[in-house]
Amino acid sequence: MLSIYKVSYKNLLRKKTRSILTIIGVGLSAWVLASLMGFNQGYEASLNRDIDNMGFQVLVTAKGCPYEAATLMLKGGTGLRYMKESITNLVLVNPEVDKVTPMLMHAVFDPNKGESGGMSAYLGVDPETFPKMKSFLEFKQGKWFTDSKALEVVMGYEAAELEQREAGDILLIPDKNIELKVVGILKRTGTQDDGTIFVPIHALQKLFGKTGELTGLGIKVKKDANIAKFEEKLYELPDVQVVSLAQVKQTIMNLVSTAKVMVFSIAMIAILIAMVGVINTILMSVFERFQEIGILKSIGAMPWDIFKLIWIETFILCILGGIAGTGMTFGLSKTTEFLIRKLLPYTPTGSLIKLDFNLIAMTMLTVLIIGLVSGIYPAWKAARVRPLESIRSELN
Amino acid sequence: MENQIAIKAQHLKKIYRRGIEEIYAVNDISLDIQKGEYVSFIGPSGSGKTTLINILGCLDNPSSGKLSIGDKEIFSEGKTLSEKDLTKIRRELFGYIFQKFYLIPTLTVLENVLLPSTFYKKDGTENHASELLNMLGIDKRKNHLPGQLSGGEMQRVAIARALVNYPQILLADEPTGNLDSSRSHEISEILKDLNQHKELTIILVTHNMELARTADRVVELRDGVVKL
């Protein structure tokens, strides 16, 4: 039996190149759309994961730029500000505090890192408190250092891979000419810890001339404590700023929102271009088949039949474009992620693009709606063709 | 057996206006076509034969006059039908063949024949399509695409397509206009055969006198009127 769907599909085969180009156009816009929606889901999930893996809910840093503080909290940074170590005792007196861990971040340029050198991040941590707060960290080799003055290091998974170090090896700090013993290698965490070199805090303070100074104080708050009230109390401390997880998340999301708006605008433009492409393809096809459509009406097709025939053609183009687009989303997700990482000022360590069934369903639905809307005008135009006009145009 | 009237036209007029000038494409034509009759219309270009066949075939409304098909009154004074109503009549009663074959190039021969049934289906059209292809001698080509057929074969496919929904009347507008004399003769034989053995009413418009003479009656038109 010959169905109207088959007729529509076979009509599209007449101008294969044009149909394929239209499908590619729809596919590209579906790809941009699905990637954008996947990014919306993935970025926030990865950011939450990064924050959860920090082990503390509040960070106290020296007063300065909140973006710098947020970056420090998540990634480490340069151009750091310092506060006095004595701040620890002032914080500890608050009843809301469960645990605190002092930290000193230091970045060193290593000329041997990569092809043209790179920064190595050293994080001075307290062997008493830091491992307890980060109890989820697991060791591939060795264990945490125990003496806060020992010239020892624990290396994150990627840092160890990059430096090609194993437990028991020696690590040389560039420029300082000081050897540190690697006592542990962490398993991969998928967070910024993978690229960090952990050093006992007092040893790091001494090595870089920052005795008695910190870049951050991580605070784990008691379960039932009122964090907002506690933050207000912390602001009474001199020359510090308080960064809570909620704030960090908000700050990062603010940074990302600009990029999101840009990408969303690009997606909208891509969708509009795809719509125009579909309308153009179908409209051209209608004009080319003007006489034929008239003949179809003379052999019994009602206006609604012709409308359906043309609309189904649009529908098929968009379905195939949607399938191609979602295929590209999966196939090119790594490339898309690479491009996004290049574009954004900060990206979490996990997967930035989260793809799932709902996202694919949403993309397909959007593409179909676009297709059906795009098809209305050409289909209406075709439905209005009068058989007599087509016969007259034959005579002409 | 007493003849029944298939089409009855009374005082049909079709007037086109070009500025203030009125052009009578069909001017007061009355005629009866009997059921099972084979009528051909001939005449020079601009004589009104195509306009007349369009009105008789319900492709166009007349400006005035009456038209009945069988017992059904299609047009009468002051009454014109919508495109939708005309389509209903066309698909119920008529089959059409045109000078160009208008086969869909990406559908096979069989699919092209079945095309009308996509929009309006009468019982048994699928078997009927195969029977028609067999009768017209192109059953072996049923899975071929139109591009693989000769002009004569394509017109046979178009004839099968016109007949698939069991029309009562077949309208053929210059069916041999795109064919050489040998293929024209084949089509002429087919039309004659359909008329004689299937008792199909056929209305033919042609410039080809040889084809016109195969009809039961030849009506000559000139300047929108029947030349007696």
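Chain B and chain A bury about 3000 Å² between them, and carbon and sulfur atoms give 66% of that area. B:Tyr102, B:Thr106 and B:Phe119 supply 23% of the area that chain B buries against chain A, more than any other three residues. The model described here is predicted. The size of an interface is often given as the accessible area lost when the parts come together. Another way to describe the interface is by its contacts: 30 residues of chain B touch 28 residues of chain A.

Three salt bridges are counted between chain B and chain A. In a salt bridge between A:Lys10 and B:Glu111, the side chains come to 2.9 Å, N to O.

Which elements of chain B give two or more residues to the side that touches chain A? They are α1 (49–56), α2 (83–93) and α3 (109–119) of chain B. With seven residues, α3(B) gives the most to this side. Sorted by class, the side of chain B that touches chain A holds twelve nonpolar, seven polar and eleven charged residues.

Chain A can also be described as a whole. Its secondary structure comprises 14 helices and twelve strands. Of the 396 residues in chain A, 52% are buried. Among contacts in chain A between residues at least 6 apart in sequence, 78% join residues at least 24 apart. The accessible surface of chain A is about 18500 Å², and carbon and sulfur atoms account for 59% of it.

Key:
Residues numbered from 1 in each chain as written. Chains lettered and ligands numbered in written order. Predicted model: local features only at pLDDT ≥ 70, side-chain atom pairs only at ≥ 80, totals over all residues. Heavy atoms only, no water. Contact = heavy atoms within 4.5 Å. Buried area = accessible area lost by both parts, 1.4 Å probe. Salt bridge = Lys/Arg side-chain N within 4 Å of Asp/Glu carboxyl O. Helix = DSSP H or I, 4+ residues; strand = E, 2+ residues; numbered from the N terminus. Nonpolar A, V, L, I, M, F, W, Y, C, P; charged D, E, K, R; others polar. Buried < 20%, exposed > 50% of the residue type's maximum accessible area, 1.4 Å probe, protein only. Areas by Shrake-Rupley, 256 points an atom, 1.4 Å probe, with all protein chains shown as cover.
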